[in-house]
Amino acid sequence: MRSTSIMIVGVGGQGTLLTSRILGNVGISTGADVKVSEVHGMSQRGGSVVTYVKMGEKVNSPIIEKGEADILLCFEELEALRWIDYAKKDASIIINTQRIDPMPVITGKAKYPENIIEKIKAEYQNVAAVPALELAKAAGSIKAVNVVMIGVLAKRTEIPEDTWIDVIRKTVKPQFVDINIEAFRKGYAL
Amino acid sequence: MKKLMLGNEAIARGVYEAGATVATAYPGTPSTEITEYIARYDEIYSEWSPNEKVALEVAIGASVGGARSTCAMKHVGLNVAADPLFTAAYTGVNGGLVIFVADDPGMHSSQNEQDTRIIARAAKVPVLEPSDSQECRDFTREAFRISEEFDTPVIVRLTTRVAHSQGLVELGERENVPLKPYAKDPGKYVMMPAMARKRHVVVEERLARLAEFSDTTTLNRIEWGDRKIGVITSGIAYQYAKEAFGNASFLKLGMVYPLPEKLIREFAANVETIYVIEELEPFIENNCLRMGIEVKGKALLPLIGEYSASLIRERVLGQKQEKLNSINEEIPVRPPVMCAGCPHRGIFYLLKKLKLNVTGDIGCYTLGALSPLESLDTCVCMGASIGMAHGMEKAMGKDTARKTVAVIGDSTFIHSGITGLIDIVYNKGTSTVIILDNSTTGMTGHQDNPATGFTIKGEPTRQVDLVKLCQAVGVDRVRVCDPFDLAETERIIKEEIAADEPSVVISQRPCALLKNVKFNGVLKINTEKCTKCRMCMRLGCPAIVDRGTHVEVDPALCTGCDLCTKVCRFNAFERLGGENA
Ligand SMILES: Cc1ncc(C[n+]2csc(CCOP(=O)(O)OP(=O)(O)O)c2C)c(N)n1
Ligand code: SF4
Ligand code: SF4
């Protein structure tokens, strides 16, 4: 199979861990070798967090480096900008149009960059800006932002929709299955 | 069947399959999940111990008692457990004893970057080092076998990227390992000089046998490829080297102490240029140099931080990755912050307001050192806050003590703060210690501890009574406060720092992320009432955002903890209501 490197970037607490787990399990169900690298601990307290999902015939290094990501899944605009160098030139870049100010911006010591999406679009052809927070709210829970994002990503792969839904069903807690599948569909429909 | 597993989860699986029955630990990133996963197996007794020293002692006891047992910790935890470790190397084991130690190159969540291989060598304990989740499971099983065959504790060394990466693991069945018979054997287990002298001889003989074993075990293997370049490597560095060097020849070490000297010589004799690729200390490299084998390692690659395939390509092979875009934006950093609703925020707001010297400790509250709270002056190791406050008083005098407090979390106080407090009482100090009791071990992901009243399995147990404990060691002034009652807490802190005797303030309020914590609903700022004085900005709550023209509350982040309502003099914060509430 073609090897795929997916990088997920966001802010601690946005549910990127669950996202990487779902992506990893989808990878396995296609018969690929899979590695997922997560971050636990300090940076989960509202810091910048990055997780990597790599699949292919044989995966060695669990981490993705500059210019290597086929897909950059960004949960927040500033984080998209911070990690943009990791995307391949033709990478699929999916950005949740949510803005979470980091403490230096909150306290006025730094400025939040303007027009992030436009700047990225000027350099990369394959950029999707997604109002995932609104879509998640419409699906029934603002916590489902991550699954909306997975839906958008899924549409850009060759893996069938049913495989994704199946994995989501098996990975999330039973009481949240319906909301999450609804959220996935909203992302997939974009 | 193959399953996608975190390195730490695969370790737990290996422990289960090896038939172990006792597992202990004190949490610490990146080792914590090992024991959280072990706790899911009913066949294994598991516990959070008060600290790593106790954890290792319990595991040693279980081993002497005949059980296969384990102990897990982060790298700095091994410093705390070093005392039992160095002598357990002398006593050896009865049931297999395997110690998991997770290093943190790059310091994702640590205060230093020490290399466990150095301590293990000093303690004369063999070390295995897995490079992916499958090896985590396999090496764990092998570690128990080595432990029993050679009568020694064995360390399995992990690093963050192995512990916290998921990979596919082929599972096996659990071995049924009966308890080994317990027999009194003072010559082996009572380490006083006469016995220890004999045991030291045994230790040195054992190391020589382990070195021979290292030459023959399949844990160490050669992968022949192009013989122009030979790479000696282990652990996660092997994965990076595989990507960077492609078809070179590899000597992949799974047992890194003692090193397989014959195998290294054989490898070296058959390749032209040898690179040693290892993160942190030049452990393998120095050994090769000592053997007279010319290798290149730290001359090209750093002693500091994590490696990666591209770092190796750049430094060793001279291939640099070009930047693919022309975006050159100034990007603000995003440091971690205390959560919205964090109980620690009230205390640090006050400590800054009162302009106190604050000796700090390790936990979520260490974040009180960052802007805008900026009120924590020191952080060295767990428990250090109390001893350091006492030391400052003895050096700088009592007037300093009246402007100084030590802050320490509940888990950290139990871990190694109690002895410091006893020191203050015993040696006539007058320091004030604030125990930040948030009913959990927050920083490492919310583990229970002796002060929470629950075990690792979530079963209710006798809870340490912090008030009585402090009184029992001789602190007469023990006060309890709610850190969100700012006025009352400020009054108590002022009284206690002024007192001419030791005092403890226990700040009680649960961590905002605990399941049973409920607040009153999200707030907003009434722009009519807000005078833009920005007092609330001093709290450093991530939900309160300065938009330049005005200040607003981010409803997606606000917990409704109401702390801001207590610093706003114009009652500008109001309940939002509606569907976001
Ligand atoms: C010797 C040692 N063991 C473990 C750790 C990892 N660690 C850092 S802070 C912490 C405990 C924090 O709990 P607590 O003191 O209750 O503070 P909280 O994070 O809940 O505010 C642990 C276990 C460490 N840094 N050093
Ligand atoms: S996890 Fe709990 S203790 Fe830690 S910063 Fe968040 S609210 Fe505070
Ligand atoms: S905005 Fe106020 S109520 Fe909301 S989390 Fe921050 S301090 Fe608490």
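Strand β2 (residues 33-37) of chain A pairs with β8(B) in the antiparallel sense over three bridges; two strands count as paired if DSSP finds at least two bridges between them. Within β8(B), B:Gly167 is the bridge partner of A:Lys35. Helices (H or I, at least four residues) and strands (E, at least two) are DSSP runs, numbered from the N terminus. The model is predicted, so that local features need pLDDT of at least 70 and side-chain atom pairs count only at pLDDT 80 or more, whereas totals for chains, interfaces and linings use all residues. Residues are numbered from 1 along each chain as its sequence is written, chains are lettered from A and ligands numbered from 1 in the order in which they are written, and side-chain values use heavy atoms, with hydrogens and water left out.

The contact (heavy atoms within 4.5 Å) takes 58 residues from chain A and 61 residues from chain B. About 4900 Å² is buried between the two chains, 56% of it from carbon and sulfur atoms; buried area is the accessible area (1.4 Å probe) that two parts lose on being put together, summed over both. Of the area that chain B buries against chain A, B:Gln166, B:Leu324 and B:Arg334 supply 16%, more than any other three residues.

Across the interface of chain B and chain A, 26 residue pairs are in polar contact (both at pLDDT 80 or more). A polar contact is a pair of N or O atoms within 3.5 Å; within protein, one must be able to donate a hydrogen and the other to accept it, and residues adjacent in sequence count only if both atoms are side-chain atoms. The elements that give two or more residues to the side of chain B that touches chain A include β8 (165-170) and α11 (235-245) of chain B. With five residues, α11(B) gives the most to that side.

Seven salt bridges are found across the interface of chain B and chain A, a salt bridge being a side-chain nitrogen of Lys or Arg within 4 Å of a carboxyl oxygen of Asp or Glu. A:Lys54 forms one with B:Glu243, with the closest N and O atoms 3.3 Å apart. Another joins the side chains of A:Glu76 and B:Arg334 (3.0 Å, N to O). This pair crosses from the loop between β4 (69-74) and α2 (77-83) of chain A to the loop between α14 and α15 (344-353) of chain B.

Ligand 2 lies between chains A and B. The residues around ligand 2 include A:Arg45, B:Cys339, B:His446 and B:Leu513, where a residue is near a molecule if one of its heavy atoms lies within 4 Å of it.
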